[in-house]
Protein chains: 2
Amino acid sequence: MSDPVLVEVLRGAFVESVHRGAFAVCDAEGKVVLRAGEADRPIYPRSAIKALQALPLIESGAADRFGFGNRELALACSSHGGEPAHVEVAAGMLAKAGLDERALECGAHWPSSAAASQALARSGGKPSALHNNCSGKHAGFVCFACASGIDPAGYVGVRHEVQRFVAEAVSQMTGHPLDGDTAIGTDGCSIPTYAVPIHRLAHAFARLATGEGVGPERAKVLARLREACAAEPFMVAGSGRFCTDVMTLLGPKVFVKTGAEGVFCAALPGQGLGIAVKCADGTGRAAEVIMAALIARFLPMDEADTEDFARFLMPVQKNWNGITVGRIRPAGPLRA
Amino acid sequence: MSDPVLVEVLRGAFVESVHRGAFAVCDAEGKVVLRAGEADRPIYPRSAIKALQALPLIESGAADRFGFGNRELALACSSHGGEPAHVEVAAGMLAKAGLDERALECGAHWPSSAAASQALARSGGKPSALHNNCSGKHAGFVCFACASGIDPAGYVGVRHEVQRFVAEAVSQMTGHPLDGDTAIGTDGCSIPTYAVPIHRLAHAFARLATGEGVGPERAKVLARLREACAAEPFMVAGSGRFCTDVMTLLGPKVFVKTGAEGVFCAALPGQGLGIAVKCADGTGRAAEVIMAALIARFLPMDEADTEDFARFLMPVQKNWNGITVGRIRPAGPLRA
């Protein structure tokens, strides 16, 4: 992989580490308007495409049947911090289907929010599958199954009907066949993840941005998902998290979602563009800065937003005494 | 930085992420016996050189005056998990100088050991500077100052006498002048970190391995530090940590120490070699695999050790359900 350096990590004025990566920015017709690195190579999109994986939940009628609003739909698209509100909404989704956390097959882990994790420990509690950062997506899978007459047991399996519907939605949105030639991995939460070329992910997010090329019914569903995340950005990630903070600042002008191993996807409705990023070494801090640089390039911002957005574009690094020791900045083709 | 790919991260059979890096392996005369990437470029060694930074503690007579044994000396060289034994030994070191945690200037953070962090929260406690992963090094600085008639206040400052002694030891060991041309950064624990070429760090660790070229007195001190860490590997890092586990497995045959931002250094006494590694993107998981591959190449192991060592060379990645989802492996010039 011969990706260019896109991010530099400085300590003082000295470049201490560098991150390489690839990205594509596409319009709704699939035309690549900007790219860097090997943007045609397949990558595992991981959690960056949870919004696409949530399509069957709405399209099956399950979300309406259970009366899911913005909070539930945003949580279905989320990688959350396991904070109390996230856990509560995930539990509420399952309760609508007459189930509880025992229906989740994502595994348990301590909340990824350090504060939530400490609070849970302090209360003498233990993490359950509801604290898993993917519990909203999984609650969505379970609810989709229940409303569709599908037995949810084993729903994480690659051959289970739930995952076949999910894979079909991803394939339709990306325009990429998920067939015998597709690399399939097991995600952190045990569902399959399918390798899709970076520029095809960008195309899918341009469709999410515009609703073009997917038919009028799906276009409505995509808009509903975007609107839910814009209305409830806390549900998509949590306290101090990039996705939540960027969508809180910019509102419906951007939908942005992180994935493990340095993946990031975004939709810019006003520009009709989709963005897909892969930091080659899988590091989140760099994927965030690459994504921030691409948002800044394509989304016009007023002076106040530009100033506020600088903390995503050039994050300051502080040490344990709160002293500023360095910063992270876009580099190479992303340099301002 | 045009470093080669040295590590691949696989999910299933698919390469999901890659890590580039540089390394040098040197003998005690400074001859480079193996290298990859830009091994002449200066890097911040961060915590990988704590053993060198501990030299004034012993050479000043402070360690003897306070009766420090293997546990205290190993902790002075450590980046520990903030587990109870680490905290206890750090507090004990300060008590010998008639001081307590208020003398530490490293800042407080929650224990880097998740289990220790949860236990601390569960007990209703809060982290202090003793839980800081650098508290052993800092306790050593404070004790060195107290035994040497130096006021420890402000000991983290680049112009403070403590740091001038520390910098002199590092300069002597690496053979690299720390002068006006040297990039200086502020480390996570607030002390200065000086940029030193990778191959000169490897040379310093070959000297640590052999005691050659440093005079008989310092040679004894270096042996004492190595022996302390070999005797108390838990003190150097903690539960489930690479440095502790590798030194527990291989005993005095290897001294190995991690640093932030993908730095790793090692000394192989039996081979008379020093190793210095920098993962270009600053990722610890890759620096560990690079170091493991270099240890495996230069340190002869019997069949049992070889088998045991495979978990460092090709670590298995499991997800939240304990399912094996992939592995990390040496690549490019490090491929077996």
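**View 1. Contact of helix H5(A) with helix H7(A).** In this predicted model, A:Ala90, A:Met93 and A:Leu94 of H5(A) are in contact, meaning heavy atoms within 4.5 Å, with A:Ser135, A:Gly136, A:Ala139, A:Gly140, A:Val142 and A:Cys143 of H7(A). By class, six of the contact residues are nonpolar, three are polar and none is charged. Here Ala, Val, Leu, Ile, Met, Phe, Trp, Tyr, Cys and Pro count as nonpolar, Asp, Glu, Lys and Arg as charged, and the others, Gly among them, as polar. Helices are DSSP runs (H or I, at least four residues), numbered from the N terminus. The axes of H5 (residues 84–96) and H7 (residues 135–147) of chain A come within 9 Å and cross at roughly 5°. H5(A) is therefore roughly parallel to H7(A), a term for angles under 35 degrees. Axes are lines fitted to C-alpha atoms over the stretch in contact, and angles run from 0 to 180 degrees between N-to-C directions.

**View 2. Packing of helix H7(B) against helix H8(B).** In chain B, the axes of H7 (residues 135–147) and H8 (residues 161–174) lie 10 Å apart, at an angle of about 110°. The two helices are therefore roughly perpendicular to each other, a term for angles of 65 to 115 degrees. H7(B) contributes B:Phe141, B:Phe144 and B:Ala145 to the contact, and H8(B) contributes B:Val162, B:Gln163, B:Phe165 and B:Val166. Six of these residues are nonpolar, one is polar and none is charged.

**View 3. The interface of chain A and chain B.** In this interface, 48 residues of chain A are in contact with 48 residues of chain B. The buried area is about 3,700 Å², of which carbon and sulfur atoms give 51%; buried area is the accessible area (1.4 Å probe) that two parts lose on being put together, summed over both. Four salt bridges cross the interface, each defined by a side-chain nitrogen of Lys or Arg within 4 Å of a carboxyl oxygen of Asp or Glu. One of the salt bridges joins B:Glu16 to A:Arg46, with the closest N and O atoms 3.0 Å apart.

View 4. The same surface serves both copies, as 100% of the contact residues of chain A recur in chain B.

**Notes.** Residues are numbered from 1 along each chain as its sequence is written, and chains are lettered from A in the order in which they are written. Local features need pLDDT of at least 70 and side-chain atom pairs count only at pLDDT 80 or more, while totals for chains, interfaces and linings use all residues; side-chain values use heavy atoms, without hydrogens and water.

Methods
Parallel < 35°, antiparallel > 145°, perpendicular 65-115°, else oblique.
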